[in-house]
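User: I have a structure open here and would like to go through it with you. Could we take it piece by piece?

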Amino acid sequence: MTISLARKIVSPDCMQQTLGASGTAEYVAERIAQGRNQLRKSDSLSGGVQAALDELHAIADECKLSGWDGYEAEPPSEQTIRQAEQFLNSLPLGARAPSVGVEPDGQITFEWFQSPRRILSVSVTSDGDLHYAALLGYCRRYGTEPFFGKIPAEISRLIDRALEE
């Protein structure tokens, strides 16, 4: 007999959310994930998220050895790569996918670039922290948000603002 335990997480807006523990809840969550993955296969709905996932894996493979930059850069850890995959898969359907990069400290960076004065960079750590910096015209925003499997509201707003025309 398998027993599933309920998990509690703190959502980005600091309200607690309980995930289902029953077999039915797990089945529904799995079916939702499968449906979402099917929709992501469409470029018009995915915003190119699959291409960003492919870019993530290619870059992670290129940077898998210490010193990949010719100096002392650290490779991204498997945990950082998993967090980055989850971040990309959490983008809303239809959102434009970012470009992908790796920082010398092993963090994975996502960047949305509209113009030199409209840009957002989000770095994903192995702990699930999201460090962000945005330049939106003359307005600057930066900070850190925890990532619990859903894009934090502040970062979601910044993505939208960075891509405004």
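Predicted model: local features only at pLDDT ≥ 70, side-chain atom pairs only at ≥ 80, totals over all residues.

User: Which residue stands opposite Leu130 in S7?

Analyst: That residue is Glu145.

User: How many bridges join S6 to S7, and how do the two strands run?

Analyst: Strand S6, residues 129-136, is joined to S7 by eight bridges, and the two run antiparallel. In general, the strands of a sheet pair through backbone hydrogen bonds, in either a parallel or an antiparallel manner.

User: What lies between S6 and S7?

Analyst: The two strands form a hairpin with two residues between them. Gly137, in the turn, has a positive phi of about 70°.

User: What is the strand order of the sheet?

Analyst: The order is S3-S4-S5-S6-S7, in an open sheet of five strands with antiparallel pairing. Strand S3 (99-102) and strand S7 (139-146) are the edge strands, each pairing on one side only. From one strand to the next, the twist averages 15°.

User: Which helix packs on the sheet, and which strands does that helix touch?

Analyst: Helix H4, residues 78-90, packs there and touches S4, strand S5 (118-124) and S6. The direction of H4 makes about 35° with that of S4.

User: Now to the helices. At what angle do H3 and H4 cross?

Analyst: The axes of H4 and helix H3 (residues 49-62) cross at roughly 170° and come within 10 Å. Angles over 145 degrees count as roughly antiparallel, so H3 is roughly antiparallel to H4. The crossing of the two helices is right-handed.

User: Which residues make the contact between H3 and H4?

Analyst: On the H3 side, they are Val49, Ala52, Leu53, Leu56, His57 and Ala60. H4 contributes Ile81, Ala84, Glu85, Leu88 and Asn89.

User: And where does Glu72 lie?

Analyst: Glu72 is in the loop between H3 and H4.

User: Is Glu72 buried or exposed?

Analyst: Glu72 is exposed, because its relative accessible area is 72% and the cut-off for exposed is over 50%. The C-alpha atoms of Glu72 and Pro104 are separated by 7.5 Å, although these residues are 32 apart along the chain.

User: Changing topic: where is Thr109 found, and why does Thr109 count as buried or exposed?

Analyst: Thr109 belongs to strand S4, residues 108-115. Thr109 has a relative accessible area of 12%; buried means under 20%, so Thr109 counts as buried.

User: Which side chains does the side chain of Thr109 join through polar contacts?

Analyst: A polar contact of 2.3 Å links the Thr109 side chain to that of Glu103. Another, of 3.2 Å, links the Thr109 side chain to that of Ser123.

User: What else does Thr109 touch?

Analyst: Leaving aside residues up to four places away in sequence, Thr109 touches Ser99, Val100, Gly101, Glu103, Ser121, Val122 and Ser123.

User: Finally, how many helices and strands are in the chain?

Analyst: The chain has five helices and seven strands. Along the sequence, the pattern reads β-β-α-α-α-α-β-β-β-β-β-α.

User: What percentage of the residues count as buried?

Analyst: The figure is 33% of the 165 residues of the chain. As for contacts between residues at least 6 apart in sequence, 47% join residues at least 24 apart.

Note on methods
Residues numbered from 1 in each chain as written. Heavy atoms only, no water. Helix = DSSP H or I, 4+ residues; strand = E, 2+ residues; numbered from the N terminus. Buried < 20%, exposed > 50% of the residue type's maximum accessible area, 1.4 Å probe, protein only. Polar contact = N/O pair within 3.5 Å; in protein donor to acceptor, adjacent residues only side chain to side chain. Contact = heavy atoms within 4.5 Å. Pairing = 2+ DSSP bridges. Axes fitted to C-alpha atoms, helices over the stretch in contact; angles between N-to-C directions. Parallel < 35°, antiparallel > 145°, perpendicular 65-115°, else oblique. Left-handed = near helix turned anticlockwise from the far one by under 90°.
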